[in-house]
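This report goes through one structure, strand by strand and helix by helix. The sequence and the structure come first.

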Amino acid sequence: NFGAAPDEIEKVFEKNGWRPPRNWTRYLAVDPGHTIAAALFAAVPPPELGDFVVLYDEVYDRHSDAYSLAKAVAAKSEGIQYQAFLMDARAGRQTPMGYGKTVKAHYRDAFAHYSLSSTLTDSGFLAANDDIPSGLENVRKAFSIRQDGTTRLRFVTQCVPHTIDEIKIYRKKISKDETKDEPIQSRCHLMDCYDA
């Protein structure tokens with residue numbers, strides 16, 4: 001459900017079983033957390049439908065690893081061509097103990113194992129924005145109501161329940177003297193995906 005009155009975007013999704021049509025540009029952002037790994041599916045419509053990003057699906061995988069997340073993404077990706085896969089640049093550069101390779105390389109191998117590829121990155125990942133203040137500003141802009149009454153960011157709410165939950169509990173850090181423009185790092189895995 002997108003809101004009060006169905007518009008063209010909602011009509012397209014409803015007609016297509018709450019999935020984006022095949023001619024929409026699709027992206028996948030991954031948060032490779034060590035306790036919870038998450039992936040957020042986004043679609044951009046053709047220009048004639050307007051300037052929107054629609055978050056239409058998610059994976060929220062507890063006690064996950066790269067192969068478990070890749071398997072879950074593959075189950076939702078049959079016949080889909082992605083434009084690019086994205087991953088937080090800082091997280092992707094880390095080399096966990098016992099792995100011998102970076103997180104990004106580990107996920108690339110897992111995506112290749114499950115034949116997941118994109119136009120720009122094959123089975124690898126673009127380094128997404130890891131600057132928290134600019135990511136927060138991007139999210140605020142995406143939620144801003146435009147002159148036509150729409151926001152750039154849209155949700156297929158019934159398909160992204162964990163994302164909606166994270167938005168509801170999002171809180172800024174507050175100290176005795178100030179409120180900081182950075183989130184409390186608790187349950188923000190899918191929000192981290194969107195910041196990308």
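## Strand β1

Strand β1 is mostly covered, with 5 of its 7 residues buried (buried means under 20% relative accessible area with a 1.4 Å probe, protein chains only). Helices (H or I, at least four residues) and strands (E, at least two) are DSSP runs, numbered from the N terminus. The model is predicted: local features need pLDDT of at least 70 and side-chain atom pairs count only at pLDDT 80 or more, while totals for chains, interfaces and linings use all residues. Residues are numbered from 1 along each chain as its sequence is written, and side-chain values use heavy atoms, leaving out hydrogens and water.

β1 covers residues 25–31 and pairs with β2, residues 36–44, in the antiparallel sense over 7 bridges (two strands pair if DSSP finds at least two bridges between them). Arginine 26 stands opposite alanine 43 in β2, and valine 30 has alanine 39 in β2 as its bridge partner. With β4, β1 pairs in the parallel sense over 4 bridges; here alanine 29 is partnered by leucine 86 of β4.

## The sheet

The strands form an open sheet of 6, in the order β5-β4-β1-β2-β3-β6, with mixed pairing. β5 (126–128) and β6 (153–155) are the edge strands; each has a single partner strand, so one side of each has no neighbour in the sheet. From one strand to the next the twist averages 30 degrees (axes are lines fitted to C-alpha atoms, for helices over the stretch in contact, and angles run from 0 to 180 degrees between N-to-C directions).

## Nonpolar cores

The largest nonpolar core has 30 residues, and Leu28, Val30, Leu69, Val73, Tyr107 and Phe111 have the most contacts inside it. Such a core is a set of buried Ala, Val, Leu, Ile, Met, Phe, Trp, Tyr and Cys residues joined through side-chain atoms within 4.5 Å. At least two residues of this core come from each of α1 (8–15), β1, β2, β3 (53–62), α2 (66–75), β4 and α4.

Valine 73 touches Leu28, Ala39, Phe41, Val59, Phe111 and Leu116, not counting residues up to four places away in sequence (contact means heavy atoms within 4.5 Å). A second, separate core of 8 residues includes Ala42, Leu55, Phe155 and Val160.

## Helix α1

In α1, Ile9, Glu10, Val12 and Phe13 are buried. Seen down the axis of α1, its buried residues fall within an arc of 160 degrees, so they line one face of the helix (the arc is that of the directions from the helix axis to the C-beta atoms). β3 and β6 are among what covers them.

Conventions
Buried < 20%, exposed > 50% of the residue type's maximum accessible area, 1.4 Å probe, protein only.
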